[in-house]
Amino acid sequence: MQLAVYGLGSMGYGIAGSALRAGHRVWGVDVAPANRARFVSEGGQDSDVRDHAGTLDAVIVVVLNAAQTEDVLFGAGGIVPALRPGAAVMSCATVPPEFARRMEARCAEHGVHYLDAPISGGSARAAEGRLSIMASGRPEAFAALRGVLDGIAETVFELGDSAGAGSAMKAVNQMLAGVHIAAMAEALTFGMTQGVAPEKFLEVISKCAGTSWMLENRAPHVVAGDYTPHSSVNIWPKDLGIVLDIARGARFGAPLTAAAMQQFLAAAGMGLGAEDDAAVAKVYARNAGLRLPGEDGGAE
């Protein structure tokens with residue numbers, strides 16, 4: 001298949017690479033020239049994707065939010081009007097369900113299939129072609145993208161025959177993921193006040209009932225003092241904001257989500273927005289007068 005991947009960040013780059021290894025011809029599109037050049041050096045196409053838009057079988061959009069997704073699809077130079085009828089769009093950003101339904105309708109006006117396909121699993125699993133995808137869309141959209149899905153995902157959840165259901169499920173996932181990261185940071189730093197070293201916290205709690213996937217994935221970043229962004233702090237005010245907007249629309253109280261949101265906003269306010277989201281632990285550490293591993297010589 002001939003594919004274009006828009007957004008070569010930590011997740012998009014892994015998706016593009018997995019599609020390439022699966023035998024597809026892939027264009028990588030990114031606002032950062034270095035990301036595109038790196039992908040070309042690894043086998044990606046080096047011509048301008050706009051010159052080949054009419055030959056593409058699918059477009060995978062792995063950008064930050066709804067506004068960027070809409071810009072890629074229908075903004076100035078948007079790709080959808082240039083696609084051939086029967087081509088497919090796979091939209092992976094966390095967006096409100098209503099936005100996904102609107103994009104599906106607009107794509108249909110051009111004879112283009114749309115799959116509402118939020119992703120989960122982190123950058124490592126994206127690079128391994130082992131993502132979980134929460135997908136919804138018409139059967140024709142699934143059929144058009146089956147060859148892509150097989151190459152980039154370990155699990156594809158088929159959640160309905162129209163867009164919106166995938167994004168609704170992603171909102172549920174992000175509610176839990178954001179709360180779990182904040183809870184990991186709170187528990188790890190609370191343990192430090194009681195003499196529990198971060199590395200001992202990870203060793204013990206990861207084998208006990210209080211663990212979570214996020215704890216096991218993010219706590220090692222704190223223990224190592226390494227906040228290289230695999231998923232940045234700045235993602236969470238956006239994603240948890242979407243969750244809280246949906247909750248308000250449903251007249252549903254979400255106090256744990258709101259509390260986690262405040263911690264990520266505090267981290268961003270400390271200038272940590274571009275760091276790995278495990279850096280939310282620094283909010284707790286600052287408030288408690290603690291030193292995390294890697295800060296001024298180690299943990300205290």
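The questions below take up aromatic pairs, charges over rings, and a surface patch in this predicted model.

Visitor: How many aromatic pairs does a search of the whole structure find?
Guide: Ring pairs were searched for across the whole structure. The count is two.

Visitor: Is the pair of Tyr13 and Phe39 stacked or edge-to-face?
Guide: Their ring centres are 5.8 Å apart. The planes meet at 80°, and over 60 degrees counts as edge-to-face. So the pair is edge-to-face.

Visitor: Which helices does that pair tie together?
Guide: The two residues are 26 apart in sequence. Tyr13 is buried at 9% relative accessibility, and Phe39 is buried at 1%. Tyr13 lies in helix 1 and Phe39 in helix 2, so the pair ties together helix 1 and helix 2.

Visitor: And Trp236 with Phe264: stacked or edge-to-face?
Guide: The ring centres lie 5.7 Å apart. Trp236 sits in helix 10 and Phe264 in helix 11. Both residues are buried. The planes are at 25°, so the pair is stacked.

Visitor: Which residue's charged end sits over the ring of Tyr227?
Guide: The charge lies 4.2 Å from the ring centre. Elsewhere, Arg106 lies over the face of Phe74. Over Tyr227, the residue is Lys282.

Visitor: Which helix gives the most to the nonpolar surface patch?
Guide: The patch is formed by Phe157, Leu159, Met169, Val172 and Leu176. Phe157 is in strand 8. Three residues come from the top contributor, helix 7.

Visitor: Is Phe157 buried, partly exposed or exposed?
Guide: Its relative accessibility is 41%. Buried means under 20% and exposed over 50%. So Phe157 counts as partly exposed.

Conventions: Residues are numbered from 1 along each chain as its sequence is written. This is a predicted model: local features need pLDDT of at least 70, side-chain atom pairs count only at pLDDT 80 or more; totals for chains, interfaces and linings use all residues. Side-chain values use heavy atoms; hydrogens and water are left out. Patches are made of residues with over 30% relative accessible area and no salt bridge: like charges are joined within 9 Å, nonpolar side chains (Val, Leu, Ile, Met, Phe, Trp, Tyr) within 5 Å. Accessible areas come from the Shrake-Rupley method with a 1.4 Å probe; for residues, only the protein chains shown count as cover. A salt bridge is a side-chain nitrogen of Lys or Arg within 4 Å of a carboxyl oxygen of Asp or Glu. Helices (H or I, at least four residues) and strands (E, at least two) are DSSP runs, numbered from the N terminus. Buried means under 20% relative accessible area, exposed over 50%, partly exposed in between (1.4 Å probe, protein chains only). Rings of Phe, Tyr and Trp (its six-membered ring) pair if their centres lie within 6.5 Å; planes under 30 degrees apart count as stacked, over 60 as edge-to-face and the rest as tilted. A charge sits over a ring if NZ of Lys or CZ of Arg is within 6 Å of the ring centre and within 35 degrees of the ring normal.
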